[in-house]
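My entries follow in the order I looked things up.

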Amino acid sequence: MSQAENKTPGMQADNIDEQGNVLYLDKERLDRKVVGFPRFQNKSNGLGIGNFLKEHLIYMNDKRWPIARWLYKMFVKYSVWMKKGGTKAKIYKTGIMLAPDMEAHTSTVVMPLHVDITDQSQKVVVPMDMLKESLKHVTFIGGMDSCLCRESNDCKDFPKDVGCLFLGEAGRVIVKHNLGKEISYEEACRRIDLAASHGLMAQAVWVEVEQWLWGIRNDQMDKFLEICFCCPCCCIAMRLARNATSNERHRFHPSGWTAVADQTKCIGCKKCFNAPNGCPVEALSFNEQGKVVINQESCVGCGICKSRCPVDAIKIKQTMPMRKDLREYYLTDYNLDLQIWDQDKE
């Protein structure tokens with residue numbers, strides 16, 4: 001096993017030195033993120049019964065928002081079944097459309113909005129730049145009025161009114177159901193900046209079961225992408241990841257930027273490890289000297305460990321090449337060809 005794979009606890013990746021300097025961008029690690037999903041195809045509309053239920057009966061709107069909050073809590077409460085295995089895991093994963101493992105395309109690209117650039121003189125494309133560039137030619141942007149995750153948890157530490165962005169036809173759906181409003185590209189960029197100012201991270205999320213929550217037709221699922229602005233305490237994706245196995249966690253991918261540790265600064269306090277709402281993918285371990293080591297194969301770059309470190313020993317740095325934009329991430333990593341961009345304007 002190559003040391004670069006960093007699968008052994010306490011082992012540092014080949015492209016990161018003891019001070020947390022990135023020696024080279026690991027293209028091989030980026031390539032290992034391609035997990036071999038079959039090509040996504042929209043499900044048939046059939047007789048239209050399922051679409052009718054989604055569009056006219058089951059969908060969430062402003063009046064049904066308390067139901068959405070209750071469903072959020074149920075998703076989190078029973079997510080522990082994933083690690084139990086057997087019948088309970090099968091029931092839960094089937095219920096939230098994560099089964100069969102290699103046929104369900106639910107997936108996430110994590111984009112930290114605060115990163116560390118070693119050489120300030122270099123022109124470096126950071127996740128925020130890539131996110132804004134990806135929004136330029138989206139056919140429609142709907143901005144949610146509030147964050148479901150923070151509202152459901154009555155979050156006291158982060159603002160509830162920095163809601164998700166829904167792209168493509170999904171944006172039109174949430175506007176139709178009075179859960180948000182159409183916003184311009186410039187307004188979307190301002191929301192990204194606002195999220196960054198509050199210390200939130202961004203995630204591009206495609207969640208199959210959400211077509212039932214928001215009322216998205218079968219033939220529109222390739223026209224749906226959600227940009228969430230997440231806090232470490234309430235984010236449903238991060239909370240589910242903490243209760244997941246490796247079979248589910250391979251759906252979480254970094255955007256080329258991950259956490260790296262300066263072991264010469266680390267004091268071994270383990271606050272990054274022991275704090276509530278810690279690493280969602282269990283990427284942290286400690287070497288024989290008690291210094292933190294970050295598994296680069298697992299780390300998604302959410303920055304939670306960085307925010308907990310009292311001595312600034314953890315940074316978010318580019319450790320892999322970045323893909324061009326969100327379309328390329330989803331097409332290459334998840335074999336999902338999203339149709340939310342106006343190609344005539346590109």
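How does the lining of the second largest pocket divide by class into nonpolar, polar and charged residues? I counted four nonpolar, six polar and six charged residues in that lining. I note here that the model is predicted.

**Entry: second largest pocket**

I read off a volume of about 400 Å³ for the second largest pocket. Its lining holds 16 residues, and I found Lys 33, Arg 249, His 250, Glu 297 and Ser 298 nearest the centre. I then checked which elements give two or more residues to this lining, and they are helix H12 (246–249) and strand E7 (252–254).

**Entry: largest pocket**

For the largest pocket I got a volume of about 750 Å³. It is lined by 41 residues, and those closest to its centre are Phe 75, Val 207, Glu 210, Ile 236 and Leu 240. By class I have 32 nonpolar, four polar and five charged residues in this lining. Several elements supply at least two lining residues each, including helix H3 (65–77), strand E1 (107–111), strand E5 (201–206), strand E6 (224–230) and helix H11 (236–242). Helix H7 (148–152) and helix H10 (210–214) also belong to that list.

**Entry: strand E5**

Are the residues of E5 buried or exposed? Six of the six are buried, so I put E5 down as largely enclosed by the rest of the structure.

I then went through the pairing. E5 runs antiparallel to E1, with five bridges between them. In that pair I located Ser 107, whose bridge partner in E5 is Trp 206. E5 is also joined to E6 by five bridges, again in the antiparallel sense. There I found Gln 203 opposite Cys 228 of E6.

**Entry: nonpolar cores**

The largest nonpolar core came out at 94 residues. Trp 214, Leu 225, Phe 229 and Leu 326 have the most contacts inside it. E6 gives this core its largest share, six residues. Apart from this core I found another, of six residues, with Met 82, Ile 96, Leu 98 and Ala 244 among them.

I listed the contacts of Leu 326, leaving out residues up to four places away in sequence. Leu 326 touches Val 109, Met 111, Met 130, Leu 131, Ser 134, Ala 204, Leu 225, Ile 227 and Trp 341.

**Entry: Arg 323**

I found Arg 323 in the loop between strand E11 (314–318) and helix H15 (326–334). Why does Arg 323 count as buried? Its relative accessible area is 9%, and the cut-off for buried is under 20%. Beyond four places in sequence, I have Arg 323 in contact with Leu 30, Val 34, Met 130, Glu 328, Tyr 329, Thr 332 and Asp 333.

**Entry: Ala 188**

I placed Ala 188 in helix H9 (residues 185–197). Ala 188 has 0% relative accessibility, so I logged this residue as buried. With neighbours within four places set aside, Ala 188 is in contact with Leu 135, Ile 141, Leu 165 and Ile 183. I also took one distance: the C-alpha atoms of Ala 188 and Val 125 are separated by 19 Å, and the two residues are 63 residues apart along the chain.

Definitions and conventions:
Residues numbered from 1 in each chain as written. Predicted model: local features only at pLDDT ≥ 70, side-chain atom pairs only at ≥ 80, totals over all residues. Heavy atoms only, no water. 1 Å grid on protein atoms, 1.4 Å probe; cavity = no way out; pocket = protein on both sides within 12 Å on 5 of 7 lines; lining within 4 Å. Points joined across faces, edges and corners; volume = space filled by probe spheres on them. Helix = DSSP H or I, 4+ residues; strand = E, 2+ residues; numbered from the N terminus. Nonpolar A, V, L, I, M, F, W, Y, C, P; charged D, E, K, R; others polar. Core = buried A, V, L, I, M, F, W, Y, C linked by side-chain atoms within 4.5 Å. Buried < 20%, exposed > 50% of the residue type's maximum accessible area, 1.4 Å probe, protein only. Contact = heavy atoms within 4.5 Å. Pairing = 2+ DSSP bridges.
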